[in-house]
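Subject: Structure handover

Hello,

Here is the structure I said I would pass on. Please open it before reading the notes below.

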Amino acid sequence: MKPYVTVQQHILEQQRKHPSATGDFSLLLTGITLATRFIANEVRRAGLKDVYGDTGTINVQGELVQKLDRYADDTIIRCLNYRNMVSMIASEENQEAILLHNSLEGGKYIVIFDPLDGSSNIDVNISVGTIFSILGQPQNQEKQETDILQCGYKQLAGGYVIYGPSTELVYTTGHGVHIFTLDPDIGTYILVDEYKKIPSKSKIFSINEGNYQSFPNGVKNWLAYVKDEKNGPYSARYVGSLVADFHRTLLKGGIFVYPPTTKSPNGKLRLLYEANPLAFIAEQAGGMASNGKQRILDIKPESLHQRTPLIIGSKEEAERVCNFLREDSH
Ligand code: P6P
């Protein structure tokens, strides 16, 4: 029987290969994986406990906070805030970042996350996910929230957990994309795939066409292309849960597009804790992520909850969308 590799072993092996990483970084990552195990346990029991429905409160996005959202946010903060390598934590659920260790020293890493993305799908039992991004804390200066506003190419790690038929963790530290499945019997993530690559092309497109009327013309022209049987046949797949749509794209290839719409003129998805970590993974897997004008990882953030259009997936498919958008802009 092939010896299994746990996520803790894998992170330590990665750390040995890359001396720049210290034990602190491995301890931080295991803090995040611990939190996701608590969340997975709660999500699995969503139908059995009074966690359905909402808390009656509204988050910074103006969205009704689902009870599991609040639980997931509290759990990640609880699993991280006592670890002295964390300098500050920022989440979709909180307007401001949480600065830890009031003194100057303490904390080499910034953790930003969407605790439970796609939470509106919880009550209808559709896969949801936790997305996280880790940045370096600038040293030898007074800590401030603007330290978070770093371009995505500076990320030290990016990852997500998808709570689906199985619970899977996907992460990269810039040395390939690695996938783990949670074994519920032993309560740890087991390595199932290393150095994952996105197929360079694949005839699957993922977009919410309910917003068609407000799409830019370039997106409408691209849609006409993928629906032209000469170029297909393409399959349309759209879950409405970013982590589920991205995970399928990572494994099967294709392209996910959330363009600007009338309701979300800057796109709906958040740059720092959705687009950036997924773009890091997509590029490490040989794919591509763009806002239609530039590489997602090159965007200079202006604010913590900033949104962005997102085109992410197989390189050839993403380039095609960007080409249609460029043609439209001429
Ligand atoms: P729409 C879920 O609410 C979410 O933030 C992402 O998980 C998902 O990709 C997107 O919104 C779906 O948005 O407008 O298609 O319902």
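The notes below cover the ligand, the aromatic rings and one aspartate.

This is a predicted model, in which local features need pLDDT of at least 70, side-chain atom pairs count only at pLDDT 80 or more, and totals for chains, interfaces and linings use all residues. Residues are numbered from 1 along each chain as its sequence is written, and side-chain values use heavy atoms, with hydrogens and water left out.

Ligand

The ligand sits in the largest pocket. A pocket is an open set of points on a 1 Å grid over the protein atoms alone, where a 1.4 Å probe fits, with protein on both sides within 12 Å along at least five of seven lines. To sit in a pocket, a molecule must have more than half of its atoms within 2 Å of the pocket's grid points.

Aromatic rings

The whole structure holds eight aromatic pairs. Rings of Phe, Tyr and Trp (its six-membered ring) pair if their centres lie within 6.5 Å; planes under 30 degrees apart count as stacked, over 60 as edge-to-face and the rest as tilted.

Why is the pair of Tyr160 and Phe246 edge-to-face? Because the planes of the two rings are at 85 degrees, with the centres 5.7 Å apart. Tyr160 belongs to strand β7 (residues 157-163) and Phe246 to helix α5 (residues 242-252), 86 residues apart, so the pair links distant parts of the chain. Helices (H or I, at least four residues) and strands (E, at least two) are DSSP runs, numbered from the N terminus.

Tyr160 and Phe246 are both buried, that is, under 20% relative accessible area with a 1.4 Å probe and protein chains only. Tyr171 and Phe180 form a stacked pair, with 5.9 Å between centres and 20 degrees between planes. Tyr171 and Phe180 are buried too. Elsewhere, ring pairs join Phe205, Trp222 and Tyr234 in a cluster.

Asp73

Asp73 is in helix α3 (residues 67-80). Its relative accessibility is 0%, so Asp73 counts as buried. The side chain of Asp73 makes a polar contact with that of Arg70, at 3.2 Å. A polar contact is a pair of N or O atoms within 3.5 Å; within protein, one must be able to donate a hydrogen and the other to accept it, and residues adjacent in sequence count only if both atoms are side-chain atoms.

Regards

Conventions: Buried means under 20% relative accessible area, exposed over 50%, partly exposed in between (1.4 Å probe, protein chains only). On a 1 Å grid over the protein atoms alone, a cavity is a set of points where a 1.4 Å probe fits but cannot get out, and a pocket is an open set with protein on both sides within 12 Å along at least five of seven lines; lining residues have an atom within 4 Å of a point.
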